[in-house]
Amino acid sequence: IDDDETLSSNWLEDMLAQIDKTKADIVSGPVEIILPPEAPKSLKYAYQFRPRDSYELAKRLPMGNLFFTRKLLETNLWFDMRFNHSGGEDMDFTYRAYKLGLTLMRVPKGRVYEELVPEKRSLFAFFKRQCRVFRVHYREKYPVMNIYFLMQVLLIPFELCFIVLLSPISLFSGKYKVKCLKSIARLTGRLTSRLSITEKAYG
């Protein structure tokens, strides 16, 4: 788990039960973000927690709440240090585990809680994080320029027009404001994924 998270009282029991039930090699449990009272009200839509009630096979998993069997250690996988300051090393690591034949699964049990730290308690901080997440995502999904990535780029003008047309709604709706920021971050991440940007989000 991350160092700014706390466990639910039955986390260990739940995770052991999820491994036993699913027979997966790696399971990822839910993370609930706790917003302090002074945080902007719109942020509740950015970090809205929806309890999962189903099991979902995955090719990549975040490291915020992960439980795994010894089989993962036996693969001798290591984190790729290229992601050391950018984030995204968890998705890369677990995807390589998947490619080696390990079973990855999102599970509904084993919740942890994360209180949003002061430097993350703004819409701008949320937007910057989303830009970085999407930049890493597109860089990993399309490591080389190909027709599929070019099609994604060609869609950007149409997506921007749609965002601009609906942007007045964001003045009255915190929920749409968050959706609008996330959409712009997705487009920004898509475009900048081709650039040699040195990330300093961590360290």
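Is Gln130 buried or exposed? At 12% relative accessibility, Gln130 counts as buried, where buried means under 20% relative accessible area, exposed means over 50%, and partly exposed lies in between (1.4 Å probe, protein chains only).

## Basis of the model

This is a predicted model, in which local features need pLDDT of at least 70 and side-chain atom pairs count only at pLDDT 80 or more, while totals for chains, interfaces and linings use all residues. Residues are numbered from 1 along each chain as its sequence is written, and side-chain values use heavy atoms, with hydrogens and water left out.

## Overall fold and surface

The protein chain contains eight helices and seven strands. Helices (H or I, at least four residues) and strands (E, at least two) are DSSP runs, numbered from the N terminus. The C-alpha trace spans about 50 × 45 × 35 Å along its principal axes.

Of the 203 residues, 38% count as buried. Among contacts with a separation of 6 or more, residues 24 or more positions apart account for 84%; contact means heavy atoms within 4.5 Å. The protein chain exposes about 12700 Å², and carbon and sulfur atoms supply 59% of this area. Accessible areas come from the Shrake-Rupley method with a 1.4 Å probe, and for residues only the protein chains shown count as cover.

There are 32 positive and 23 negative side chains, and the centres of the two sets lie 8 Å apart. Lys and Arg count as positive and Asp and Glu as negative, whereas His and the chain ends are not counted. The place of a charge is taken as NZ of Lys, CZ of Arg, CG of Asp or CD of Glu.

## Cysteines

A disulfide is a covalent bond between the sulfur atoms of two cysteines. The criterion applied here is a pair of cysteine sulfur atoms within 2.5 Å, and by this rule the count comes to zero disulfides.

Cys131 is buried at 8% relative accessibility. Cys180 is likewise buried, with a relative accessible area of 10%.

Gln130 belongs to helix α5 (residues 123-141). Beyond residues up to four places away in sequence, Gln130 touches Lys182 and Ala185. Lys182 is 52 residues from Gln130 in sequence, yet their C-alpha atoms are 6.5 Å apart.

Glu114 lies in strand β7 (residues 112-115) and is buried because its relative accessibility is 8%. Apart from neighbours within four places in sequence, Glu114 is in contact with Asp4, Glu5, Val31, Glu32, Ile33, Ile34 and Lys120.

Tyr47 occupies the loop between α2 (43-46) and β4 (56-58). With a relative accessible area of 17%, Tyr47 is buried. Its contacts, leaving aside neighbours within four places in sequence, are Ile33, Leu35, Leu116, Lys120 and Phe126. Leu35 is twelve residues from Tyr47 along the chain, and a distance of 8.4 Å separates their C-alpha atoms.

## Helix α4 and its cover

Which residues of α4 are buried? They are Asp90, Asp92, Phe93, Thr94 and Ala97. The elements covering these buried residues include β2, β5 (66-68), α3, β6 (104-106) and α5. Just after α4, Gly101 adopts a positive phi of about 105°.

Most residues other than glycine have a negative phi, and most peptide bonds are trans. Lys23, although not a glycine, has a positive phi of about 60°. Lys23 is situated in the loop between α1 (11-22) and β2 (26-28) and is exposed, with a relative accessible area of 60%.

Asn76 is also a residue other than glycine with a positive phi, near 60°. Asn76 is placed in the loop between α3 (70-74) and α4 (89-99), and its relative accessible area of 55% makes Asn76 exposed.
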